Amino acid sequence: MHREDDSLAHAAKEKADLLCSLFASNSTLDDGGNTPPTIPRCECSMPDVRFTQSSVRKALFSLDVSKSSGPDGVRPIVLKTCAPELVPVLTRLFRYSYSQGVVPNSWKTALFHPIPKKGDRSDPSNYRPIAITSLFSKIMESIINCQLMRYLEDHQLISDCQYGFRRGRSAGDLLVYLTHRWAEAVESKGEVLAVSLDIAKAFDRVWHKALLSKLPSYGLPEKLCKWITSFLADRSIKVVVDGACSDYKPINAGVPQGCVLSPTLFLLHINDMLLTGSIHCYADDSTGDALYTGRANISRENVAEYRDKLVSEVESLLNKVSDWGRLNLLQFNPQKTQVCAFTFKGTRLSVENFFRLKTDILRLVPGKYSLSKSYIK
C-alpha cells in the first residue's frame with residue numbers, strides 16, 4: 001500500500017496505521033475560530049427522553065445476533081439471551097448517563113474495517129471504512145433516536161424536501177416526484193433547469209459546533225443537548241487490517257459512523273440548507289431546480305424572458321447554498337456537480353446564460369464540473 005512519499009507499507013500494522021491516519025484526517029476539522037451559524041428557534045419543545053424497562057427490553061430483543069461484537073467484545077447474542085437479567089441494570093445505567101450528560105469513553109471508540117472500492121487497491125483513498133461501535137451505546141441511541149424522530153416528525157421540523165433516513169420515504173419516491181414535476185413542466189411546453197449537488201465527505205466533515213448550536217433551535221431539551229455534546233466529544237478510531245490493529249487516532253468532526261443516532265443528527269445539521277430555495281435531498285445528495293409551465297404558440301421573446309428568469313433563479317439558489325456551505329465549513333464535490341436543461345424546444349439556452357451558470361458553479365465547487373444540456377424530443 002502506497003504512502004504519501006510513494007514508499008510501500010507491507011506489514012499489516014503499517015497498513016492499518018496508514019489507513020487510520022487517512023480516515024482520521026477525513027474527520028478532523030480546524031474551524032479557525034469561526035462562529036457557528038444560528039437558525040430560528042421553533043415554537044415547540046421536546047420532553048426529556050424516558051428510559052423504561054420495556055423500551056430497553058424491546059431494544060435488546062431486537063438485536064441481530066448475526067452482527068459483530070463491538071470494540072468491547074460483547075456479542076449481541078449474549079445481550080439478547082441475558083436480556084431479562086440485564087434490563088434493570090441497563091435501564092439504570094442509561095438513566096444515569098442521560099441525567100449526567102456523560103457518555104462513557106469506552107462507547108466513543110470505533111473499530112474501522114477497510115473495504116476496497118473500485119480502483120487501485122494499493123491506494124489508501126480507494127478504501128471505505130466500515131465502523132464497528134459499542135452495542136451498549138447503540139441500544140441507548142436507539143431509544144433516544146426513536147423518541148427524537150417521533151418528536152421531529154410529529155411537529156414537522158424536518159423539511160418535507162428531505163427523503164433520506166425517514167420512514168415511508170425512499171430514493172425512489174424522490175425520483176418519482178422530480179420526474180413527475182419536470183415532465184409536467186416539459187409537457188406543457190415549458191422548461192426545467194436542474195442542478196445536482198453533492199456535499200464532499202458530508203458525514204465525515206460535520207462541524208460539531210455548528211450542529212450543536214442548532215439543536216436547541218429545534219426545541220431539544222437541555223439534558224439531551226448536553227448528552228449529544230458528550231456523545232460527539234473526544235471520539236477516537238482505530239483500524240483493523242488482517243488481524244493487526246493501528247494505534248488510536250482522535251477525531252473532532254463528523255457524525256460518528258456505525259452509530260444509530262448519526263443519520264438523525266445529520267438531517268438536523270443540513271435541514272436549514274433546504275430552506276434556501278427549491279432544493280430536494282436524499283441524505284446529502286441534493287437537487288435544485290427552476291421551471292416554468294408554458295403554453296402553445298408562445299413567442300420567442302417570452303421564451304427568452306422565461307429562460308433568463310430560470311437562470312437567475314438557479315444563480316440565486318447556488319449563491320444561497322454556497323453561503324450555507326461557507327457558514328458550515330462544508331464544501332461541494334465538483335465531480336458530482338451537474339447542470340441540466342430539459343425542454344421540448346429546438347432552440348438551446350443561450351451561451352451567455354450557460355456562461356453565467358458556469359461562473360456560479362466554479363465559485364461554488366472550484367475544480368472539475370459537468371455542465372450538460374439535455375433535450376427531450
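The lining of the largest pocket is made up of 15 nonpolar, 6 polar and 8 charged residues (Ala, Val, Leu, Ile, Met, Phe, Trp, Tyr, Cys and Pro count as nonpolar, Asp, Glu, Lys and Arg as charged, and the others, Gly among them, as polar). The model is predicted, with local features needing pLDDT of at least 70 and side-chain atom pairs pLDDT 80 or more, while totals for chains, interfaces and linings use all residues. Residues are numbered from 1 along each chain as its sequence is written, and side-chain values use heavy atoms, without hydrogens and water.

This pocket holds about 910 Å³ of space. Of its 29 lining residues, Arg128, Lys201, Phe203, Asp204 and Gln257 are the closest to its centre. A pocket here is an open set of points on a 1 Å grid over the protein atoms alone, with protein on both sides within 12 Å along at least five of seven lines; a cavity is a set where a 1.4 Å probe fits but cannot get out, and lining residues have an atom within 4 Å of a point. A volume is the space filled by probe spheres set on the points, which are joined across faces, edges and corners.

Let's move to the second largest pocket, with a volume of about 520 Å³. Helix α5 (135-154) brings the largest share of its lining, 8 residues. Ser142, Asn145, Cys146, Gln147 and Arg150 lie nearest its centre.

Finally, look inside: the whole structure has 1 cavity of 30 Å³ or more. The largest cavity has a volume of about 130 Å³, and among the residues closest to its centre are Phe112 and Gln257.

Key:
Helices (H or I, at least four residues) and strands (E, at least two) are DSSP runs, numbered from the N terminus.
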